[in-house]
Amino acid sequence: MPDTIDFGAGPAVVVFQPPGRIGGIIPEALSQEGISFVERPIDRVGELKTDGGPRLAIVIGAPANPSARNGLRQWVDNGGSVILLWCDQWPANELRDWFGIERQSEDVEGGYLWPAEELAIPGLSSECLQLIGRHFLYRLPPDAQSRVLALGSAHPAAAIAFDATRDGFSDDEWFWAGQELYRYSRGRTLIGPFEVPGIGPVTPTTAGSGDFTGDGFRDNLIVCRDYSYTILRNGAWVDGGTLQNRIRHVLTWNPGAGIWPIQLFLEDGSFYIESLDGGRTWSSAKVFAPDGKTPIPTDFGYSYEYLDDSSVVRVALNLFSQGAFFSNFGARWIMPPVLPNIGPKYLYANVIAPTIGYASDAARTGLRDQISLLVYSNVYARDPVSGTFNYPLQFHKLYSAGPAGRHPLVVNRGRATAVLYDIERTIYQLQQGLDHDPNAAVILAGGLTTFNPVINVFDDWIDYTQLDLPQADLHERLLRVMVTSLSPAPIPRLWYWPNGLRSVASLSHDVEISVPDQNAQVATETMRIGEMAKEAKRHDTFFVLMTGTDVNTMSRKDLAKLEAEGHQVTIHFDTFGSTDFTAANFQMQSNLLRERGVNPVSGNRDHGLSWLKDYLGYAIMSQPETVYDSSFGGGPGYSHCGSVLPYRLYSLAGPAFESFDEISHGLMDIADGDFYFSQLVPNPETSMVLPLDDLFERAQQMVLRNHSNYYGFFDCLFHPVVVAGLTPPIPEFFDRVKKLAQFMTDKNIPSLSMKDVAVWWRARRNVQLRLQSWDRKTLRFSAVTPGPLEGVTLVIPQRANGMELQSVTDGNGAAIAINPAVLDGNNYGMVTLPRLDTNKDLAANYA
């Protein structure tokens, strides 16, 4: 490698995109992390040079031309560095040559990422991060000479409890995840590969247990994958077979005496075959039609036992179908099916859908009465006495404390790193949920909908044990760590906030009434909150509802006073009480606010926190002055936004809505009590308010954790109507809000309104750091912006090439002050430029 690296006065990173694509999740991630880049189509990989250009490439997908892939390998051999994404598209033999990894035949949906020490950051601590999307499993042989930077763990695909030790109790729990079998018994878990003799490694997608021999012991298993099944009987895998239809799930139950029936539900689960002799022979297909007429698809099923009022042992069957359980207590399938009450919900709008269910005799009473439901890797256990489910526990923390059962997920060899999961899909869905809600689309077509809460666009993979982690941000931060660790030179990056602010915290307020004739009370409390925030030197954001009688709540004078106090006032678009999500309606409601002196209407938050993808995205985009939205969030944490930093939302057609940024909120004052679970809320079925002590203690903890670890914009969403008269009024709420505002001021956590954040973030996006050269002692680079910008702060590594950062100078050799900082557990120098005009040459000097 030459003594001096010439970067050609350009960004440090080049991103090679799939054909026809510009922008997207990876460029946005780099922009968020302050790393400048240039984009090129993937077919230009062969144009990479070892001098006069970027020395690190992020390649999204595999170049179609083998010679281009070979050229990329030669570029790395000659001193370049590369991060490969979408590795499943690469030929398996080439990945083996690059990294020594071996692609397995099975793929998995989602899972978790566990960073190794090289990738670990304090914001993660001992936590893991969710994965979303399908990816192949890989194996790293011991002699591969590669480093594993992150391990992956798969969601359980099948689970069962049975009497593996033949001691009379069905308390041995087996889980299949990835290619591993987790065997849990009496407080101890053994993890190892699962192989079926004569077949080899296999991951069942469903399993059943019971007594398939009639000997009185519940020690037999049937495991299935795709079209095949095999049975464990008398300690041996026997009687395997292959069907013409794919096996969806298994249902077995205790008939009271003799061999347990086995039902294999096929294809979509609306029909099944049955065995009454332990799986030796099978019936013809039968339809599952609880009403005796209509076939109903099903997802999984299980049986359990209970004592009736006469202390007689009874058997019940549960089949999960399209979000609800069909139950059979012996006579017939009960109609209609019942929704599982395992929470959480927002305004009664969301019910979590489990993916696996089983019953065990965990208490060793002789009854399989302890039901567990899994939502991917969240385990909800039911108390047989109360009949309620506990707050979820994470499977891999509950049953595994170490790397056993995990597989390579991020692998490095030399100057090349392979990311073996779909980081784009993961970030996308953690930030904005599903591509669309088909049910909402159907309802919209019929013109019947009132609103669709943002929580509904997040599928059941949302992990409610990870509420306090802005997981999308952390995936993007891990990508940044990969980039900086591979770079042959120290990479300066843009800090998130102006003037070196470590984090920003905010209070926002949705101004609306809850009952008629409440306008005066809400207006009074709103103005009190504004005055209080001013005294605490905070800059709050007020979202004002402008439909119905709410238009009369705030006067022109009130709104002007709020703005004079340094707050921002903007629209609370009514998507809750309206069926009109058009651009015309959005502009009409905004115009009503303008008539009261608010101009421009800079931001939006949808009433009811609804989001109907393109409908609302295009409505906001139709009004260029509206530069941010704040509809995502809606709970006690980041589960329905994934971020504490602004991000872009994407349309169904693919491109981002570039005219506005999403600025989420991490905590809200009101929600369905079930959202917070029974341990946290008295009478959760009726309570609508999180107890004040819990709410504001949680707010303080989240503010401090954001300031310490995440460096983002943390917002608490409050409602003046809570003080004025929500059911019931809570007058002391005002004092708690006041104490929280003063707490943030006392902790020196600055305040920006959401408009200020949006304006800063959009200007920051246009700043580029262009590297010129690195001679092992001095990094020369320039900061470039299309227009003047104040407070730009740069983050420069404290150590490089075994030396310490000594000074930062401008193009004239004048020293610029360095503020030492520990960020993500590493030492940096932070340099603030009071004013950046179009271009400023800089040098970081090491010795």
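Two strands count as paired if DSSP finds at least two bridges between them. Keep that in mind for these close-ups, which come from a predicted model.

**View 1. Here is an open sheet of four strands with antiparallel pairing.** The strand order is S32-S43-S48-S47. Strand S32 (493-494) and strand S47 (819-823) are the edge strands, and each of them pairs on one side only. Look at S32 and strand S43 (residues 789-797): two bridges link them in the antiparallel sense. Leu 494 has Leu 794 in S43 as its bridge partner. Helix H15 (residues 754-765) packs on this sheet and touches S32 and S43, with its direction making about 60° with that of S43.

**View 2. Another open sheet has four strands in the order S9-S10-S11-S12.** The pairing here is antiparallel. Strand S9 (156-162) and strand S12 (188-193) sit at the edges with a single partner strand each, so one side of each has no neighbour in the sheet. On average, neighbouring strands are turned by 15° against each other, if you ignore direction. Strand S10 (residues 172-177) and strand S11 (residues 180-185) pair over five bridges, in the antiparallel sense. Trp 176 stands opposite Leu 181 in S11.

**View 3. Arg 166 shows up in the loop between S9 and S10.** Its phi is positive, about 55°, although Arg 166 is not a glycine. Arg 166 has 38% relative accessibility, so it counts as partly exposed. Glu 267 also has a positive phi, near 55°, and you'll find Glu 267 in the loop between strand S20 (262-266) and strand S21 (271-275). With 34% relative accessibility, Glu 267 counts as partly exposed.

**View 4. Helices H1 and H7 pack with their axes 9 Å apart.** The angle between H1 and H7 is about 80°. Angles of 65 to 115 degrees count as roughly perpendicular, so that's what H1 and H7 are to each other. From H1, the contact uses Ile 26, Glu 28, Ala 29, Leu 30 and Gln 32, while H7 brings Asp 473, Glu 476, Leu 479 and Val 483. Sorted by type, the residues of this contact are five nonpolar, one polar and three charged.

**View 5. Helix H5 (residues 423-432) is mostly covered.** How many of its 10 residues are buried? Nine are, among them Ile 423, Tyr 428 and Leu 430. Glu 424 and Gln 429 are on the buried list too. The buried residues of H5 pack against helix H1 (25-32), strand S4 (56-60), strand S5 (81-85), strand S7 (129-139), strand S31 (416-419) and H7. Just after H5, Gly 433 takes a positive phi of about 75°.

**View 6. The largest nonpolar core holds 177 residues.** Val 13, Ile 58, Ile 83, Trp 497 and Phe 733 touch the most other members. Helix H7 (residues 471-486) gives the most to this core, with eight residues. Apart from it lies another core, of 24 residues, including Val 14, Ile 42, Val 82 and Val 411.

**View 7. A cis peptide bond joins Met 335 and Pro 336.** Omega is about -10° at this bond, and Pro 336 lies in the loop between strand S25 (324-328) and strand S26 (356-360). The bond from Asn 599 to Pro 600 is cis too, with omega near 5°. Look for Pro 600 in the loop between helix H10 (583-594) and strand S36 (603-604).

Notes: Residues are numbered from 1 along each chain as its sequence is written. This is a predicted model: local features need pLDDT of at least 70, side-chain atom pairs count only at pLDDT 80 or more; totals for chains, interfaces and linings use all residues. Side-chain values use heavy atoms; hydrogens and water are left out. A nonpolar core is a set of buried Ala, Val, Leu, Ile, Met, Phe, Trp, Tyr and Cys residues joined through side-chain atoms within 4.5 Å. Buried means under 20% relative accessible area, exposed over 50%, partly exposed in between (1.4 Å probe, protein chains only). Contact means heavy atoms within 4.5 Å. Axes are lines fitted to C-alpha atoms, for helices over the stretch in contact, and angles run from 0 to 180 degrees between N-to-C directions. Angles under 35 degrees count as roughly parallel, over 145 as roughly antiparallel, 65 to 115 as roughly perpendicular and the rest as oblique. Ala, Val, Leu, Ile, Met, Phe, Trp, Tyr, Cys and Pro count as nonpolar, Asp, Glu, Lys and Arg as charged, and the others, Gly among them, as polar.
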